[in-house]
Amino acid sequence: MLELRPNCEYCDRDLPPQSTLARICSYECTFCADCVEQHLHNVCPNCGGGFVPRPIRPRNAYRSGVSLQDQPASDRRVQLRHDKQRLAGFISDIAPTPPEKR
Ligand SMILES: [Zn+2]
Ligand SMILES: [Zn+2]
């Protein structure tokens, strides 16, 4: 099950479960659309993969036992573990290669 993390790892803005700005990589590293576009250039700083919009888990249980109430979002904030200054080289090396060829 996808862990719905509460914030952008880069700028720390809130990304509640219903946010359409949340982006995730295949490891669920979570960032906002602005940081993915302006700072990360579609390169996850943790794994080098690309991002996709995070799916929105429905608030309402249309099927028994599956909803945001049944499996709530995470409240554990995650902070970037890499130095922002040093990230530039990592990102510029990888960004020219599309995610499906990385
Ligand atoms: Zn951000
Ligand atoms: Zn990642």
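Helices, of at least four residues, and strands, of at least two, are DSSP runs numbered from the N terminus. The exercises below apply this to a predicted model.

**Exercise 1.** Determine how many helices and strands the protein has, and in what order the elements run.

*Solution.* Step 1: the count gives two helices and three strands. Step 2: read from the N terminus on, the elements follow the pattern β-β-α-β-α. Step 3: for the overall dimensions, the C-alpha trace extends over about 45 × 25 × 20 Å along its principal axes.

**Exercise 2.** Explain why the buried residues of α1 line one face of the helix, and state what covers them.

*Solution.* Step 1: a residue counts as buried if 20 or more other C-beta atoms lie within 10 Å of its own. In α1, Cys35, Val36 and Leu40 are buried. Step 2: viewed down the axis of α1, these buried residues fall within an arc of 100°, and therefore they line one face of the helix. Step 3: the cover over the buried residues of α1 includes β1, β2 and α2 (84-94). Step 4: just after α1, His41 adopts a positive phi of about 50°.

**Exercise 3.** Describe the largest nonpolar core and the surroundings of Cys8.

*Solution.* Step 1: the largest nonpolar core contains 15 residues, and those with the most contacts inside it are Cys8, Phe31, Cys32, Cys35, Leu40 and Phe51. Step 2: at least two residues of this core come from each of β1, β2 and α1, and α1 provides the largest share, three residues. Step 3: neighbours within four places in sequence set aside, Cys8 is in contact with Arg13, Leu15, Thr30, Phe31, Cys32 and Cys35.

**Exercise 4.** State what share of the protein is buried and what share of its contacts joins residues 24 or more positions apart.

*Solution.* Step 1: 24% of the 102 residues count as buried. Step 2: among contacts with a separation of 6 or more, 53% are between residues 24 or more positions apart.

Note on methods: Residues numbered from 1 in each chain as written. Chains lettered and ligands numbered in written order. Predicted model: local features only at pLDDT ≥ 70, side-chain atom pairs only at ≥ 80, totals over all residues. Core = buried A, V, L, I, M, F, W, Y, C linked by C-beta atoms within 7 Å. Buried ≥ 20, exposed ≤ 12 C-beta atoms within 10 Å, placed from the backbone. Contact = placed C-beta atoms within 7 Å. Arc of directions from axis to C-beta.
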